[in-house]
Amino acid sequence: MIGKCIYTIQAFYSGTNWVEMNGDSVYKDFGVPNKTLMAIAGATVDTCQNCDNSGEEVNSCENNLLVHDMLTSGYKTGQDVQPPYKTSGDIGKGKCGFGGSDDTENGFRTATGGINKDRLDPKYSPHHQLHYSAYTAAKKATELFLVDQDIGIINELKVDKFIQIFGLVKRYQTSFGFVIDDTGSMGPIIAEVRKICIDIVTNVLGTANAPSNYILVTFNDPEKHMHRLTTENGVEMISALDNITVNGGGDCPEYALNGLKKGIELCKDKSTIFFFTDAPAKDASENQTVIDAVIEKQIDLRLFLQNFLCIGRRKRDTSGRTKRDAGSDPYSLVAEGTGGTVYRFDTAELGEIIRQISEEIFPSATAIVDMFEIYSDDDDYVMFPVDNMLNNVKITVIGADSVDDIDVESPFGSILTAENTSVLFESPDKVVVTVLNPTDGVYKVIRTGNNNWSINITAQTSVDFHYAITEESDDGNLYKLGNPIIGERYTLLFTVYNLPVGMNVSALRLKTSNATTNYLNLVQLAGDFDSTYFVSTTLTSDQYEVSIYGTDSSGHTWMRTSSYYIYPATIRLTSNSITDLYKNTVGNVSYTVENRGSENETFVIDVTDNRGLLTGQTSFTQLISSNGSTEIIFQITGSSLYTTVTYKITVRKQGAVNAIVYDSQTIYISPDIAPTCTVEKLVGNCDNVNTTSCSGVTWNGQATITYTTELSSISGSTGWTFEISSEHPSPINISASGDCCTPSAYLTVTDTNSNFARCHFYLGNVLPVEISTKRLLTTTEQIAIGVIGGIIGACLFASLVSGILIYRKAIKPKLGASKINTLKSNSYPHQEKCDSKEQFNNVSVNLN
């Protein structure tokens, strides 16, 4: 919630005209309850005029704002709040757009161009010149939102909660409690539960996140609970976790809440408890007792339930059907009553869930330095760099039988021992060595045995990085995407955080699944706030490990490795059309699924939504040939209960659990149905017609307008005519006609709720007049033309002077203000006469 608030605050300074009016000052009333904001532009007020949206004319949008004493938004079409339709009739004005290359439907409802200040790039941000002012204002506003003594949220939150959210305190005075079901039905998953619990302890061992003690409680039936261990020694807890075996049970429900209650009793205040079971609670009557105990001690409760609790699993085995337990079960009620969290999982998902939770609840600055795989026929050592920004370097070796299999050599060539390292211990399938205050330089991990090893080097540090995969579009801009497609070229953007003076970034290392390593030079992007780098490359492997490196202020190599791999997909998922959704109507959404792999494959495409508004088919199984594709169409019903609906479409291989690619979109549900305008018939062709003869080639067409809300106007662009069969009831039939001097004509329909639709009568491209160069004019001909031109010019000047005098003396006094305003709001075909200067200024002159 805090993240959403901060995003909204920062978007305010980029996406509205506050900065244009007030510079980098903060609007202290914005977002504060019981405050009245300054005037906001009404729905019918045009706030911007057209400007260049391509970024080619760099300063085109600098003065596009029409209002300077009221707030207005830069609307981005396609979002859940859409801009009002243009109502003034002036095609060159409208509501301000967001603008830039990401605003793909810019100008459709808004004026072209926009006012966003997100970036310094004019192709993305029309008001790029105000980027730094918007940044400064947003930064100051964020600080006010968080810590201001009057309006900061720190005043509303308990201090403990605030510092926990932002990782501002060490967790020394808390416990980590593990409450685990050890009945027989846990047999298929107990090994995975043991492993992830051991990983939790290993991850915090020797770090600022290590708790003051560890608690282990198991529960069973008929034994309600067993207190197995309370210890301050993480290695001892690892051993106890590894010794958990399953037994007993018989019937399905267990004494789960009694076990949980015992764990709460043993833990210190503000501790974290991890609870695991595959069964319902036999002792549901203890529900409120557990809730009260959790609240009293402010326990952070994490409840892990296998996807199908054992009753559900037996039903599935006998009937072939499955049913998740409802949200009214005791676990859900405990979570709801305490602010705890329920995680429902398949065994294969448990490791990833725990990894994400660890990042959330352990607010450490842990970074991966490097990762290695050593096989039996490889060299018996690996080397890794330690820079002067690292603390608590942790070397985790999976596959070693004991500490005797491992030697760690310092940069001075000496072997580290238990005496000169802070932590050196064995766990069931790993050996971990931690060095609290390492010396800069290159370390070596030496294998004394012959096992296959997986080595992970992590450390506490403030220097880390994030990367994004982007793709260049036709307009030359880079767009962030999810899974890349194998064999295609992408640009990787890197943001390096907290890079100190003297520490540089030089290159990227990409390691593939078959141990091939690519080294690519990184190019730095100019910017004042982050160190941003990029490189373009073609991704040809199915997996990449991503690392960056450079040198620190001491001249030593430094390296950071991302925990997120790049997995290029063989599937491309492309949106063809997303419906305009209206209350009580059904809309179609269309996607194309392409198989870019070398094999014919069967894929399963699933669609889900957050409102339960999908109707019809939502799961599709398709055999798609290599380099082939298929179209998927699904339906969503607009509901009057909601203003938005978010759907997610995923693609996976048949038989696989994890999705290869996915897409998610939010659709606005309009409370009323917009009118439609459809061209039914169009007769004529203006291709290859010369502008000198365009008036002699005619065309005609027919269109149909449908509507549910009363129409307020039907208007057409200039140079053609249309006739309306009848205005009531819907549908309305339109007859259109014109000549090839107007080969492109628009009919715009607007209803009383400002919804609009548009028909486009397009007849082709008219050729310009060709200038003949067969013969040059003689001198006599040139003089004659000059004399004639001079005479015509003198006549025109005299006519203009006479016209002005006539206008001032005769015409102007007879025209009222309302008449002039009416004239200004219309455009007049060139065939009509001009009765005033204002009218003359509104003529669309056809120079032919």
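1. First, a term: a nonpolar core here is a set of buried Ala, Val, Leu, Ile, Met, Phe, Trp, Tyr and Cys residues joined through side-chain atoms within 4.5 Å, where buried means under 20% relative accessible area with a 1.4 Å probe, protein chains only. Keep in mind that this is a predicted model, with local features needing pLDDT of at least 70 and side-chain atom pairs counting only at pLDDT 80 or more, while totals for chains, interfaces and linings use all residues. Residues are numbered from 1 along each chain as its sequence is written, and side-chain values use heavy atoms, with hydrogens and water left out.

2. On to the largest nonpolar core. It has 31 residues, and Phe 178, Ile 180, Leu 216, Leu 241 and Phe 304 touch the most other members. Elements giving two or more residues to this core include β3 (175–181), β4 (213–219) and α6 (234–242); helices (H or I, at least four residues) and strands (E, at least two) are DSSP runs, numbered from the N terminus. The largest share, nine residues, comes from α5.

3. Phe 178 is worth a click. Leaving aside residues up to four places away in sequence, Phe 178 touches Cys 197, Ile 200, Val 201, Tyr 214, Ile 215, Leu 216, Val 217, Met 237, Leu 241 and Phe 274, contact meaning heavy atoms within 4.5 Å. There is also a second, separate core of 25 residues, which includes Val 593, Leu 614, Ile 624 and Val 651.

4. Now the helix pair. α1 (residues 2–15) packs against α3 (residues 131–147) at an angle of about 145 degrees, and their axes are 8 Å apart; axes are lines fitted to C-alpha atoms, for helices over the stretch in contact, and angles run from 0 to 180 degrees between N-to-C directions.

5. Next, a four-stranded open sheet, antiparallel, in the order β35-β36-β39-β38. Its edge strands are β35 (676–683) and β38 (720–724); strands pair if DSSP finds at least two bridges between them. Eight bridges link β36 (residues 698–706) with β39 (residues 732–739), and Gly 701 has Ala 736 of β39 as its bridge partner.

6. Lastly, a three-stranded open sheet, again antiparallel, runs β10-β15-β12. From one strand to the next, the twist averages 20 degrees. Strands β10 and β15 (residues 441–447) are joined by six bridges, with Val 386 partnered by Gly 441 in β15.

Terms used: Buried means under 20% relative accessible area, exposed over 50%, partly exposed in between (1.4 Å probe, protein chains only).
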